[in-house]
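Q: Please take a close look at the aromatic rings in this model. How are they paired, how accessible are they, and what sits over their faces?

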Amino acid sequence: MTESAQSARDQRSMRRFSMQLPVQVKAPQDGQEVLAVTKDVSARGVFIYVDSDLAENTPIEFTLTLPPEITMTQSIRVRCKGKVVRIDREQTGRVGIAAMIDHYQFLENDQA
């Protein structure tokens with residue numbers, strides 16, 4: 001097995017939850033927040049469909065609400081910081097980004 005194939009397998013060793021969740025992505029270029037939607041979520045990363053085009057290795061910050069199906073308690077808002085590790089441009093024009101999560105913070109209900 002090649003090193004990159006091993007790395008890809010390691011990155012996906014965490015359970016992924018296939019779910020479409022609204023997510024607020026802070027655009028690194030201008031700091032504006034844009035609304036997007038997830039394709040899947042894991043403890044180490046997320047796949048998000050976005051309208052703007054981001055480059056690999058771009059720092060990214062996003063906030064999403066994890067539903068009870070994941071948390072096993074109540075919905076929890078989480079702010080995540082990481083970097084874009086892959087870009088998928090679909091024929092339909094949609095752009096998907098895979099982002100690795102480096103840091104996350106649970107937010108109180110009144111924090112944005």
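A: Tyr104 is partly exposed, because its relative accessibility is 47%. The model is predicted, so local features need pLDDT of at least 70 and side-chain atom pairs count only at pLDDT 80 or more, while totals for chains, interfaces and linings use all residues. Residues are numbered from 1 along each chain as its sequence is written, and side-chain values use heavy atoms, without hydrogens or water.

Now the ring pairs. The whole structure holds 2 aromatic pairs. In one, Phe47 and Tyr49 have ring centres 5.4 Å apart and planes at 80°, so they meet edge-to-face. (Rings of Phe, Tyr and Trp, the last by its six-membered ring, pair if their centres lie within 6.5 Å; planes under 30 degrees apart are stacked, over 60 edge-to-face, the rest tilted.) Both partners are shielded: Phe47 is buried at 7% relative accessibility, and Tyr49 is buried at 13%. Tyr104 belongs to a pair with Phe106: centres 5.5 Å apart, planes at 75°, so this pair is edge-to-face.

Charges come next. Lys39 lies over the face of Phe47, 5.3 Å from the ring centre. Arg94 lies over the face of Tyr49, 3.7 Å from the ring centre. Such a charge must have NZ of Lys or CZ of Arg within 6 Å of the ring centre and within 35 degrees of the ring normal.

Technical notes. Buried means under 20% relative accessible area, exposed over 50%, partly exposed in between (1.4 Å probe, protein chains only).
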